[in-house]
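This briefing is meant for a reader who is meeting the structure for the first time. It begins with one term that the later points rely on and then moves through the topics in turn.

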Amino acid sequence: MKCITIGTVQSNQKVADQIFFATIEVPEIARQCLPGQFVNIYFPGSVKLFPRPFSIAGVSGKSILILYKVIGSQTTLMSRWQTGRQVKLLGPLGNSFTISEDKSVEYVLLAGGVGAAPLMFFRDELAKKKIKPHFFIGAKTKSELPIIEDVKSDLIVTTDDGSKGLKGTVIEHFEDFIKNIRRPVSLNVCGPDSMMSALKNISFPDNVTINVSLEKTMACGLGLCQGCVVKTTSGKYNGHYALVCKDGPVFNLNDVEFDE
Amino acid sequence: MNDLSIDLGKGLKLANPVLTASGTFGYGDEVSEVVDVNRFGGIVTKSLSLEPRIGNPPPRIVETPSGMINSIGLANIGLEAFLREKAPYLSQLSCKVIINIAARTEEEFCDVIKALDNEKWISAYEINVSCPNVKEGGIAFGTDPDVLRCLTRKLRDKTDRYLIVKLSPNVTNIAQMAEIVQECNADAVSMINTLYGAAIDIHTRKPKINTVIGGLSGPAIKPAALAHIIKAREVIDIPIIGIGGISNGEDVIEFMLAGASAVQLGTVNFYNPCAIYEILNFIEQYMTQYNLMSLQKIIGQALV
């Protein structure tokens, strides 16, 4: 059940260029959240009103983990959070990634930069079921990579400039990889819109299910404002607009369109 | 115990003056996990049209200084689904339920009212003649005095139920529009709907809203709303339901002093869904501080 509550910052560390990793103690959310879900963080002040949505990057005891990139004034404020800071949150919000009943399914996680956040949580859930996914993570350059090693997955790191891992985009290397996979694949993706669009141009075999976690400007996170819509195809949503906050943020790639 | 109740006339009594604004609170059920909907004096549901509307393409919202611009385009599930899916929840609420209606034509307004008039749990209709974000109908009904007169008369003939007309600030003389609504025997006006607003991305040079111009709301428009209410109060006697950037208890009192008998919370529902609790606490304290037996006594008492 969604709740509005106060959390306490346990730690807040820089892990890469402009990328931070925060631990917030908030038992009401930590005990029930699922990978793919997000929280809204409220900020004091009367000039910028909207809360900001953040994917939950994992759970540690009574705390949730937030992996974030500093891109505006609110994330700049976050980067200065000290241990003990009280934070107002709403969550858990949205739907989640799912683990198939079919034991033969191979899991692939595909992240662009800080888009690794919800996939790190999903990787943890898979690990609980003794499933080790292939985890592709790409960034422009080494300093923008939120993680570079991982024991719970087969991690494949890519950088556009080759400063760490494989040289090239994460999509290019993923395409090479997927060609050789024969088992059914659950592909779970989070990254910039350009990465999602690129996926649309790849022709996948039928046994690949693709779930993408989307991000949109949101005012409420609850489905009240109807602002965070994504265009859908004729499938599940019948060509109507779906709400990223409530119907998503995780969608089947075939159900959504990106050409806006 | 302080008496927060408000009598809006014609049998419509609210437990307190705080309502939700249409389109900012869904149908109440979406938010019922985080806030006790019955703490409101009443809720005004998302604009309802005869047929479902998918709404406008994205981007639909943008944050602006102390406010936001929206262009949702009256996305809603339509009358049939509303009665099937939402009425069971709404009809069991103890707070008042006011249905906001939007339409492209006079006939469509009449058809929706006809279908809702048998639903005993509905306390009032709020007629949306002021949506700035749809091509047909919408704001056209609220900006032409003759069209507004014709529509209000027609709807008054159709129903005995409490009738509120929601006014647009995007007119030269809002007092004139309020006067027309009163002349046509509607029971109250609610004001203001959103102001025209625009925002442009300086890097891509694209508008930040799909329709280029959308509706501006939030604390940024509060002084404009108060000014319009003061102007309307000078010329009408029917109740004014104040809307525009209200975010706390102080704002509610300010609107009531300006002449509002009740208020609606809009944009604040997005950034503080539990504002109602703080607001009711503040009103109680204010009444105690100024020894007010009834909140009704402060309506229009600003020394203007």
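This is a predicted model: local features need pLDDT of at least 70, side-chain atom pairs count only at pLDDT 80 or more; totals for chains, interfaces and linings use all residues.

Helices and strands are DSSP runs numbered from the N terminus, a helix (H or I) having at least four residues and a strand (E) at least two. In those terms, Gln226(A) lies in the loop between β13 (208-213) and β14 (229-231) of chain A.

**Chain A as a whole**

- Chain A contains five helices and 16 strands, and its radius of gyration of 18 Å is close to the 18 Å that the globule rule gives for 260 residues, so chain A is as compact as a globular protein of that length.
- Of the 260 residues in chain A, 56% are buried, and among the contacts in chain A with a separation of 6 or more, 61% are between residues 24 or more positions apart.

**Helix packing in chain B**

- Helix α1 (78-90) of chain B packs with α2(B) at an angle of about 20°, the axes being 11 Å apart, and that angle makes α1(B) roughly parallel to α2(B).
- The crossing of α1(B) and α2(B) is right-handed, and the contact is made by Leu79(B), Phe82(B) and Leu83(B) on the α1(B) side and by Val112(B), Ala115(B) and Leu116(B) on the α2(B) side; by class, these residues divide into six nonpolar, no polar and no charged.
- Within helix α2 (residues 106-116) of chain B, the buried residues are Glu106(B), Glu108(B), Phe109(B), Cys110(B), Val112(B), Ile113(B) and Leu116(B), and what covers them includes α1, β7 (96-101), β8 (124-128), α3 (140-143) and α4 of chain B.
- Helix α4 (residues 145-158) and helix α5 (residues 174-183) of chain B pack at an angle of about 25° with their axes 9 Å apart, and they are therefore roughly parallel to each other.
- The crossing of α4(B) and α5(B) is likewise right-handed, with Pro145(B), Leu148(B), Arg149(B) and Thr152(B) of α4(B) meeting Gln176(B), Met177(B), Ile180(B), Val181(B) and Glu183(B) of α5(B); this contact has five nonpolar, two polar and two charged residues.

**Cis peptide bonds and a proline in a loop**

- In chain A, the peptide bond that joins Gly91(A) and Pro92(A) is cis, with omega about -10°, and Pro92(A) has its place in strand β7 (residues 86-93) of that chain.
- In chain B, the bond from Pro58(B) to Pro59(B) is cis, with omega near -5°, and Pro59(B) is found in the loop between β4 and β5.
- Pro57(B) is found in the loop between β4 (42-44) and β5 (61-64) of chain B, and at 38% relative accessibility it counts as partly exposed.
- Leaving aside residues up to four places away in sequence, Pro57(B) touches Tyr241(A) and Asn210(B), while its C-alpha is 8.7 Å from that of Gly73(B), 16 residues apart in sequence.

- Gln226(A) is a residue other than glycine with a positive phi, near 60°, and at 18% relative accessibility it counts as buried.
- Asn185(B), also not a glycine, has a positive phi of about 65°; it is found in the loop between α5 and β10 (188-191) of chain B, and at 52% relative accessibility it counts as exposed.

Notes: Residues are numbered from 1 along each chain as its sequence is written. Chains are lettered from A and ligands numbered from 1 in the order in which they are written. Side-chain values use heavy atoms; hydrogens and water are left out. Axes are lines fitted to C-alpha atoms, for helices over the stretch in contact, and angles run from 0 to 180 degrees between N-to-C directions. Angles under 35 degrees count as roughly parallel, over 145 as roughly antiparallel, 65 to 115 as roughly perpendicular and the rest as oblique. A crossing is left-handed if the near helix is turned anticlockwise from the far one by less than a right angle, and right-handed if clockwise. Contact means heavy atoms within 4.5 Å. Ala, Val, Leu, Ile, Met, Phe, Trp, Tyr, Cys and Pro count as nonpolar, Asp, Glu, Lys and Arg as charged, and the others, Gly among them, as polar. Buried means under 20% relative accessible area, exposed over 50%, partly exposed in between (1.4 Å probe, protein chains only). The radius of gyration is taken over C-alpha atoms; the globule rule is 2.2 Å times the number of residues to the power 0.38.
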